[in-house]
Amino acid sequence: MTRPFPFDIVGFDLDGTLLDTSIELAASLNHALGSIGRPPIATDGVKALVGMGTRHMLTLGLQQSGEAEGETIRALHPVLIDHYRANLGSNCPPFPGLVDAIDQLQAMDVKLAVVTNKFESLAVQLLGNVGLAERFVTIIGGDTMGKGNGKPKPDPIHEMIARCGGGRAAYVGDSIHDVHASRAAGIPSVAVAFGFLSQPAEELGADAVINHYDELIENLELLGAIR
Ligand SMILES: O=C(O)COP(=O)(O)O
Ligand SMILES: [Mg+2]
């Protein structure tokens, strides 16, 4: 007899975990930087700036070519967001094997959710535009729990579990903030080695690392068995 799947809920980060959003984020960041004559940043360089929301990405992006004053950030952030919203989902493929993995999880009645540091409205619109929104019981953004309460705080993970009706949860992400939020919430984390990593996936401190989505379910089964 096969053992039942050990998790009721599997949560996912968005940027660098579900979708490769780096081309669109880089285009919008560079649009904003270019509007004040700052030089563009290569897409691979932008990946390292993603994970704590678009305002943080803009701040780090500005710092690469000079000052990042509050006034400049306040003026440019809407420029970035307007550009991003206008092109949302046109060029951000899901990572290989994602759709098969979520098909298999849903076939086992596992509830799926998204916890991102993107604005909730952008995350909902983006996942809707790529046809994935209805796969998730809930989509929680960096602003959903109020200012300063996004990842790495545990609050959005606790909220995810509550909105999914409670149960055993695991979380899949690509950054140290994802691992810290999971740990703070007391649930196991899986790091994806194909994401927007600022350090090797093995060094993030996650409970498991996967190189492809076809490794997700077996790793979750292992994690569930040892806890
Ligand atoms: O930095 C962002 O905009 C959000 O990134 P995340 O989806 O990896 O949390
Ligand atoms: Mg991410």
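Start by selecting helix α7 (residues 155-163) and helix α8 (residues 176-185), which pack at about 65° with their axes 8 Å apart. Helices here are DSSP runs of H or I, at least four residues long, numbered from the N terminus. Axes are lines fitted to C-alpha atoms over the stretch in contact, and angles run from 0 to 180 degrees between N-to-C directions.

This is a predicted model, in which local features need pLDDT of at least 70 and side-chain atom pairs count only at pLDDT 80 or more, while totals for chains, interfaces and linings use all residues. Residues are numbered from 1 along each chain as its sequence is written, and chains are lettered from A and ligands numbered from 1 in the order in which they are written.

Now show the side chains: Pro156, Ile157 and His158 of α7 meet Ala181, Ser182 and Ala185 of α8 (contact means C-beta atoms, placed from the backbone, within 7 Å).

Next, select α1 (residues 22-34) and α3 (residues 54-63), whose axes come within 11 Å and cross at roughly 55°.

Finally, go to ligand 1, which 14 residues surround, the closest being Leu14, Asp15, Thr116, Asn117 and Lys118 (a residue is near if its C-beta atom, placed from the backbone, lies within 6 Å). Colour by domain: domain 1 (9-21 + 92-226) and domain 2 (22-87) each supply at least three residues of this shell, with bounds from an automatic or database domain assignment.

How values were computed:
Helix = DSSP H or I, 4+ residues; strand = E, 2+ residues; numbered from the N terminus. Contact = placed C-beta atoms within 7 Å.
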